[in-house]
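Please examine the protein shown here, together with its sequence. The paragraphs that follow begin with one loop and then lead through the rest of the chain.

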Amino acid sequence: MNRSMSLVMLLAILVSVADAAWEDAHATFYGDISGKETMQGACGYGDLFQEGYGLETAALSTALFNNGQTCGACFELTCVNSQWCKQNAGTIRITATNFCPPNYTPPVDIHWCNPPNKHFDLSMKMFTSIAEYKSGIVPVKFRRVKCQKRGGVRFEVKGNPNFIMVLVYNVGGAGDVNSLAIKGHKSNWISMQRNWGQNWNTGVGLVGQRLSFTVKTSDGRSLTFYDVASESWGFGQTFEAKSNFY
């Protein structure tokens with residue numbers, strides 16, 4: 001078998017695997033076209049424009065949110081099997097930045113974010129990219145995809161001299177972080193605990209030390225970013241690593 005034939009077969013296998021990964025869900029939207037209501041949210045990202053996510057975002061139902069562990073993951077969606085799907089709209093890609101909470105007041109069967117439903121509550125801009133506004137809700141196909149982010153992984157440091165909380169964001173690759181460790185240049189590596197969303201904390205004081213981080217994503221990949229913050233770092237500041245997951 002020649003090399004060109006091998007490449008063709010490999011591509012065919014990759015395509016078939018990707019096609020098999022599509023799952024069924026539904027999508028709605030929240031907020032208006034400005035997207036103000038989509039800012040902040042249960043993942044802790046704050047101003048989504050400032051942090052690079054913009055309006056290409058969604059709040060996930062309980063079945064997808066996984067208690068915040070899916071924050072930062074990226075998905076590809078397409079509208080299917082509805083008269084309200086926009087023709088030739090193709091697909092959209094979004095990052096998980098918020099939680100769509102369940103609602104158990106009757107009638108429960110119309111609350112799309114209740115378990116076990118897989119549901120995306122999109123920004124209006126994203127929803128109207130694939131479906132007509134007046135539809136309100138449409139069936140979709142979705143799959144996980146790699147996150148494509150500009151620049152390096154970013155770390156926002158908050159807290160006080162006895163408590164450090166770090167928001168890690170703009171993560172490429174799998175996007176969702178499931179382990180974070182921090183190190184001062186005079187300390188050993190310290191495993192941080194998930195506080196909420198993608199905010200991680202430790203009670204070890206590291207003021208006056210250069211900060212390094214090790215980030216592990218849900219696909220098992222791990223990267224270490226050395227000396228991201230200098231000795232003079234302060235609370236409330238954000239620091240960008242020189243590299244990212246790709």
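Pro 107 is placed in the loop between β4 (92–99) and β5 (119–123). Strands such as these (E, at least two residues) and helices (H or I, at least four residues) are DSSP runs, numbered from the N terminus. The peptide bond that joins Pro 106 and Pro 107 is cis, with omega at about -10°. A further cis peptide bond runs from Pro 115 to Pro 116, where omega is near 5°. Pro 116 is likewise found in the loop between β4 and β5.

The model under discussion is predicted: local features need pLDDT of at least 70, side-chain atom pairs count only at pLDDT 80 or more, and totals for chains, interfaces and linings use all residues. Residues are numbered from 1 along each chain as its sequence is written, and side-chain values use heavy atoms, with hydrogens and water left out.

The protein as a whole has three helices and 15 strands. Its C-alpha atoms fill a box of roughly 60 × 60 × 30 Å, taken along the principal axes. Of the 246 residues, 46% are buried; the term means under 20% relative accessible area, while exposed means over 50% and partly exposed lies in between (1.4 Å probe, protein chains only). The accessible surface comes to about 12400 Å², and 52% of it belongs to carbon and sulfur atoms. Such areas come from the Shrake-Rupley method with a 1.4 Å probe, and for residues only the protein chains shown count as cover. Among the contacts (heavy atoms within 4.5 Å) with a separation of 6 or more, 68% are between residues 24 or more positions apart.

Ser 135 counts as buried because its relative accessible area is 14%. Apart from neighbours within four places in sequence, Ser 135 is in contact with Trp 84 and Phe 127.

The aromatic rings come next. A pair of aromatic rings is described by the distance of the centres and the angle of the planes. Rings of Phe, Tyr and Trp (its six-membered ring) pair if their centres lie within 6.5 Å; planes under 30 degrees apart count as stacked, over 60 as edge-to-face and the rest as tilted. By this rule the protein has eleven aromatic pairs. One of them is formed by Trp 233 and Phe 235, an edge-to-face pair with 5.1 Å from centre to centre and 85° between the planes. Elsewhere, ring pairs link Phe 155, Phe 213, Phe 225 and Phe 245 into a cluster.

Gln 40, in the loop between β1 (23–30) and β2 (57–60), has a phi near 60°, a positive value in a residue other than glycine. Asp 227 is not a glycine either, yet its phi is positive, at about 50°. Asp 227 belongs to strand β14 (residues 222–229) and counts as partly exposed because its relative accessibility is 44%.
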